[in-house]
Amino acid sequence: MTEWGEFSERLAEQLSTLTTGSVLIIREGGPPGRYAQFLQADERLEAQLVADHYLDPAARAGETGHRLITEAGWRQPEDTVYGHNWETELPWPSTSAAYRRLGAMTVTGLRDALRITGPETLVYEAWTRGHRPLRLPSLGLRGN
């Protein structure tokens with residue numbers, strides 16, 4: 001897979017199928033460590049996009065990236081004691097349109113703000129309760 005639009009659609013589909021307790025992390029295959037992560041809780045899907053706090057200066061979104069992330073719909077964390085990542089959430093269950101919107105927000109963050117060149121550079125890790133591995137082949141990414 002080499003197109004961000006296809007990745008966004010596949011991500012939206014996979015997010016809609018996560019079961020309670022599932023975790024999905026999509027990250028670069030190597031340094032500098034840019035990522036998005038998702039947790040399916042009982043009543044909502046929680047999503048985070050890595051913030052500059054965790055990144056080397058060259059990998060940071062910077063002022064322009066922050067504007068793009070905010071315009072896409074991500075919000076800065078209110079509690080910077082326990083987390084610095086950009087956040088959003090969807091109620092569960094949500095509509096397919098809501099999942100597509102979250103997929104697009106994730107692409108905006110990774111591609112436009114954090115400057116990841118393409119989804120082919122990404123890998124995923126996923127698991128469910130008890131840390132049992134979760135295979136998501138239709139995501140179109142290499143599992144790690």
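**Exercise 1.** In this predicted model, find the side chain with which the side chain of Arg34 makes a polar contact. Then decide whether Arg34 is buried or exposed.

*Solution.* 
- Start with the side chains: Arg34 makes a polar contact with Glu28 at 2.5 Å.
- Next, check the backbone. The oxygen of Leu114 lies 2.4 Å from a polar atom of the Arg34 side chain.
- List its surroundings. Arg34 touches, among others beyond four places in sequence, Ile26, Val50, Leu55, Ala59 and Ile116.
- Apply the cut-off: buried means under 20% relative accessible area. Arg34 has 11% relative accessibility, so it counts as buried.

**Exercise 2.** Identify the element that gives the largest share of the largest nonpolar core.

*Solution.* 
- Take the core of 40 residues: Leu15, Leu24, Ile26, Phe38 and Leu102 touch the most other members.
- Go through the elements. Helix 1, helix 3 and strands 1 to 5 each supply at least two residues of this core.
- Helix 3 gives the largest share, seven residues.
- Follow one member, Leu102. Its contacts beyond four places in sequence include Leu15, Phe38, Trp74 and Leu90.

**Exercise 3.** Which strands each supply at least two residues of the lining of the largest pocket?

*Solution.* 
- Begin with the space: the largest pocket holds about 170 Å³.
- Read the lining, which includes Val23, Phe38, Ala47, Arg75 and Thr88.
- Assign the strands: strand 2 (35-40), strand 3 (44-49) and strand 4 (86-91) each supply at least two lining residues.
- Sort by type: four are nonpolar, three polar and four charged.

Conventions. Residues numbered from 1 in each chain as written. Predicted model: local features only at pLDDT ≥ 70, side-chain atom pairs only at ≥ 80, totals over all residues. Heavy atoms only, no water. 1 Å grid on protein atoms, 1.4 Å probe; cavity = no way out; pocket = protein on both sides within 12 Å on 5 of 7 lines; lining within 4 Å. Points joined across faces, edges and corners; volume = space filled by probe spheres on them. Helix = DSSP H or I, 4+ residues; strand = E, 2+ residues; numbered from the N terminus. Nonpolar A, V, L, I, M, F, W, Y, C, P; charged D, E, K, R; others polar. Core = buried A, V, L, I, M, F, W, Y, C linked by side-chain atoms within 4.5 Å. Buried < 20%, exposed > 50% of the residue type's maximum accessible area, 1.4 Å probe, protein only. Contact = heavy atoms within 4.5 Å. Polar contact = N/O pair within 3.5 Å; in protein donor to acceptor, adjacent residues only side chain to side chain.
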